[in-house]
Amino acid sequence: MSVLTRDEAQTRAKLLDVHRYTIALDLTTGDETFASQTVIRFTARTEADTFVELKPAELREATLDGRPLDPGTLEENRLPLTGLTAGEHELRIDADMRYSRTGEGMHRFTDPTDGETYVYTQLFLDDVQRVFAAFDQPDLKAVFDLSVKAPEGWSVLANGITTDLGDGHWQATPTPMISTYLVAVAAGPWHSVRTEHRGLPFGIHCRRSLAPYLDPDADEIFEITKQCYDRYHEKFEEPYPFDSYDQAFVPEFNAGAMENPGLVTFRDEFVYRSAVTDTERQTRAMVIAHEMAHMWFGDLVTLRWWDDIWLNESFAEYMGYQTLTEATRFTDTWVDFGVMRKGWGYDADQRPSTHPVAPDAVDDTASALLNFDGISYAKGASALRQLVHWLGEKDFLAGINTHFARHKFANAALADFIDSLASATERDVHAWADSWLRTTGVDTLRPVVTRGEEGTYTLQVEHKGSRPHRVNVGLYDLDVADEGRHLVLRDRLDLDVPQSTPQPIGKRPTLLLLNDSDLTYAKVRFDPESFKAVTECLSGLPSPLTRAVVWNALRDAVRDGELPPTAYLDAARAHLPHETDLALVQGVLAFASTYVADRYATPEERPAALTTLSSLCRDLIRRTEDGDNPGLRLIAVRHCIDVAAHPDTIAAWLADGTVPGGPELDPELRWRVLARLAVLGATDEAAIAAELARDPSAAGQEGAARCRAALPTEEAKAQAWEAMFTRDDLSNYLFTATAQGFWQPEQTELVRQYVPRYYEDAVALAARRGPAIADAAGRWAFPHHAIDEDNQRLGQTCLRDADPIPALRRKLVDQLDDLGRALRVRQP
């Protein structure tokens, strides 16, 4: 498929004004394809040639102003439009389009629980051409008038209110001016719950088989939605710009969610079949808030080209966390951001594939797709949080509202955004943007504490990097009334880095913490006295956000080779039993198990690491025996399963259907136990088949695939490999589940033969199945646990000689950099 270049998009934008799409989709034509008829009304400003994008199974007919076009001129995904004259034109396209099993275009899914079928669109970034013909670039906005013919018993959702006309025909109200990638359709026998808020219809929708799980949470989802809606209307002068607000939880969705105007689509794992923690509910709420922010920033005002994707994602990420904190019961969301999201940005920004938050130029759509990463989300949101701290929220929101007023229902670029902010302040926002948005890498801040006269001290911050920072500096002293177990905040200073002069701090604090409150984006280190205080008193810090900053600093020091991985495990073992914030417990345990135990520990060190983590989890389970903290207990039970080195205890839990003292094993926990037993060679195909008969749902199918791939036999590995890399019939989710089971640190020798095979097979698979599967193959099927130079050499050879498609190349670059980091961390 030809990718659209920036130059081509700019040329076409100068030529065309697109007015209206009239689209008719027929979803009753079979299981493989659907019919797509499109009428595009547009104006050409001058005589020229151009093209329209389309990727059909069959192009039946095309006419331009009534003149037939030759379907044979369609080359890859481009149909030439030659000899355009200045003035108005009408293009008609009649085609059959293919359903997808990879989450791209029009995805089709049949629920194994009840046999019901659902379809939905995911048209981002350039997948609209898989559904209907379009001038597929974000700055050619138009009105979309959509009708759908659906099977009997289905309902149809779209960007606007849909009307059932009878006999399976549905009509959506025409949209305002929006970009092609934001058009959305979801059709099937949905279970729907509806309400109204401030005169606007709200709806939530899921598969029928998930109705028993959605209904108990409907009030919570609607409450969060309404609270965010009201808060955004307090912040933004421009009212919500669309006629309804539907949220559809759809199967096998590749992203967390997608901000289609009026019809946000979410991965339906957010409809919880099993017990979850309050932090996981907070994550769902944050995604709701994030996607609603896009209704203004992304949908009302849209980027002109994909180099400004941060204008969509960074803004929504910042607003999602901030608005959730202000408007809902989830008041500590920045803790979760700090411990779970921020590291994503730090990691991405230290790899060879790093890029500025706002890159100078993104040459084409394939390159643009690679920038949906921790930089565009977490780093960009961190930059905006620093901007608000530096600028003040009042001026920040004034600039945002100016931006909406200037560019509503149109497109804007970075320069427009900065000009809008500059109009609201006397500060040099343009210089700030150059320092923060046009540069790469993570600054490092290190304190130097110097004793002065009469026992007073000063602080000088060593600054490795180029960005200016306004940071909080926390000064903490031991709580003498508590026998030295806790720290109390003496003072929190506001400090500009780089400094003009040393900062007086009075008497020597027990702990001096840079970036207390986590208001900037930088790695921080400790002076020796403060590091000693951290090792002894981390859990005694009063604020969970402060503790998140400390845990991030320890994490970064491990990854940079400045702190032994065992020291991180020791800190976790000492302080997590006293931790009260669930996001912190989850984040620390995730890093300790996934990275420290599974990758940074050598094979000789790994048993001791697992023993430490098992002991820690048992402590947490004992701590929660009284039932006061079921969320903490659930986290501990999950991780106790994941790090089990011997099968007896967890096998007994599975046989009994419960953990002694609770919880009972729900489907998620049963599959988790069975997967670990498979890794340990303590279960078999018969047990997996029996569990699948017990839970034949889509999640159960994924659990079974994961377990089967994890079995430590040559036959199981061969079957899993063939399913992933040969048959091409796995959906995106089943591919991911199989890949997750395949590579296990306990099975390094068993799967060693597959390491060299991976590179050749992944390149071929990505070329056949496209970016979504390429991403999954690079993310999940990569041999993470082959921490050796042979694997690194094979990967580098692949990058040099095999020419993987961009989506796979980016993932391989990142994985190989992480592999190199693990090798360095392992060095004595």
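**Figure 1. Crossing of helices H22 and H23 in the predicted model.** Axes are lines fitted to C-alpha atoms, for helices over the stretch in contact, and the angle between two of them is taken between N-to-C directions on a scale from 0 to 180 degrees. In this predicted model, helix H22 spans residues 714-725 and helix H23 spans residues 732-742. Their axes come within 10 Å and cross at roughly 145 degrees. The crossing of H22 past H23 is left-handed.

**Figure 2. Residues in the contact of H22 with H23.** From H22, the contributing residues are Lys 717, Ala 720, Trp 721 and Met 724. They meet Phe 735, Thr 738, Ala 739, Gly 741 and Phe 742 of H23. Sorted by class, this contact comprises 6 nonpolar, 2 polar and 1 charged residues.

**Figure 3. The largest cavity of the predicted model.** The model holds 6 cavities of 30 Å³ or more. By class, the lining of the largest cavity consists of 6 nonpolar, 2 polar and 2 charged residues.

**Figure 4. Helices that supply the lining of the largest cavity.** Helix H15 (582-600) and helix H27 (806-826) each provide at least two lining residues. H27 gives the most to this lining, with 4 residues.

Note on methods. Residues are numbered from 1 along each chain as its sequence is written. This is a predicted model: local features need pLDDT of at least 70, side-chain atom pairs count only at pLDDT 80 or more; totals for chains, interfaces and linings use all residues. Side-chain values use heavy atoms; hydrogens and water are left out. A crossing is left-handed if the near helix is turned anticlockwise from the far one by less than a right angle, and right-handed if clockwise. Contact means heavy atoms within 4.5 Å. Ala, Val, Leu, Ile, Met, Phe, Trp, Tyr, Cys and Pro count as nonpolar, Asp, Glu, Lys and Arg as charged, and the others, Gly among them, as polar. On a 1 Å grid over the protein atoms alone, a cavity is a set of points where a 1.4 Å probe fits but cannot get out, and a pocket is an open set with protein on both sides within 12 Å along at least five of seven lines; lining residues have an atom within 4 Å of a point. Grid points are joined across faces, edges and corners, and a volume is the space filled by probe spheres set on the points.
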